[in-house]
Amino acid sequence: MQTRWIDCPAEARQRLYFANHTSHLDFVALWSALPEPVRTRTRPVAAREYWERNKLRSYLANRVFQSVLVARPNGHVLSDGRAILSPLLEELEKGSSLILFPEGTRGNGDEVGEFKGGLYHLCQSKPGLEAVPVYLENLNRILPKGEFLPLPLVSRVTFGPPIWPAADEQKSEFLDRARLALCRLKDL
C-alpha cells in the first residue's frame, strides 16, 4: 500500500478523516496508513449490523480497531441522525479523531457518491475541527463486494489538505465542496 500526504502533515491532532467507500478493507487501509501516534487516537466509524454479525468481526471492531459502531437498520441510515451522531460526538469530546465514509454505503469505485449530512453536522458541532479528505484507490478490486480473500494488488491512500465549513456556508454547499476535495485526490 502506498500512502501520500498532500498539503497535510501527519500530525497527532484531532481530525475527521473522510473517505470514499468501496470495500470492507477501506477503514482498515486508512487506519493502518496513519502513523502510530495518530492511529492510537483515531476511531473508525462503522455499521454495527455488519461488524457485530459474528464474534470475530465484533472482536476486531471493538478490541482491535476500537471502532465507533452505529446502528443502520436494514443497512440504511436512520432517519433520526441524532441517534448516529450521539456516539460520534461523545468520541470527539474525548479527543478522538474519527474515520468517516460520508457516502453512507459502499460504491462501485467508479465515482464518489453524494455525501450524507453527518460530516457537516460533526464539523458544525466542533468549530475548528479539521476535516481531512482521504482518497482510497483500488480497494474495491483487492476485496470486491461478496469476496472473503483479498487479491494481491497495489492500493493507494492519499490524504489531502484539510477543509472547514465557512461561517455562512450551507450544508449542501459544504458537502459538495467536501466531495469535490475528495474527488480531486483521485488524479494526483
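Predicted model: local features only at pLDDT ≥ 70, side-chain atom pairs only at ≥ 80, totals over all residues.
Residues are numbered from 1 along each chain as its sequence is written, and side-chain values use heavy atoms, with hydrogens and water left out.

The structure holds nine salt bridges, a salt bridge being a side-chain nitrogen of Lys or Arg within 4 Å of a carboxyl oxygen of Asp or Glu.

Let me start with a network of salt bridges that links Glu11, Arg13, Arg15 and Glu130. Within it, Arg13 and Glu130 meet at 3.3 Å, N to O, and because Arg13 lies in the loop between strand S1 (2–5) and strand S2 (15–19) while Glu130 lies in strand S6 (residues 130–137), this pair ties together parts that are 117 residues apart in sequence; strands here are DSSP runs of E, at least two residues, numbered from the N terminus.

Glu11 pairs with Arg15, their closest N and O atoms being 3.9 Å apart. Is Arg15 buried or exposed? Arg15 counts as buried, at 1% relative accessibility, where buried means under 20% relative accessible area, exposed over 50%, and partly exposed in between, with a 1.4 Å probe and protein chains only. Glu130 is also buried, at 8%, whereas Glu11 is partly exposed at 32% and Arg13 is partly exposed at 39%.

Turning to another pair, Glu137 and Arg156 form a salt bridge at 3.7 Å, N to O, and since Glu137 lies in strand S6 and Arg156 in strand S7 (residues 156–159), they tie together parts 19 residues apart in sequence.

Terms used. Helix = DSSP H or I, 4+ residues; strand = E, 2+ residues; numbered from the N terminus.
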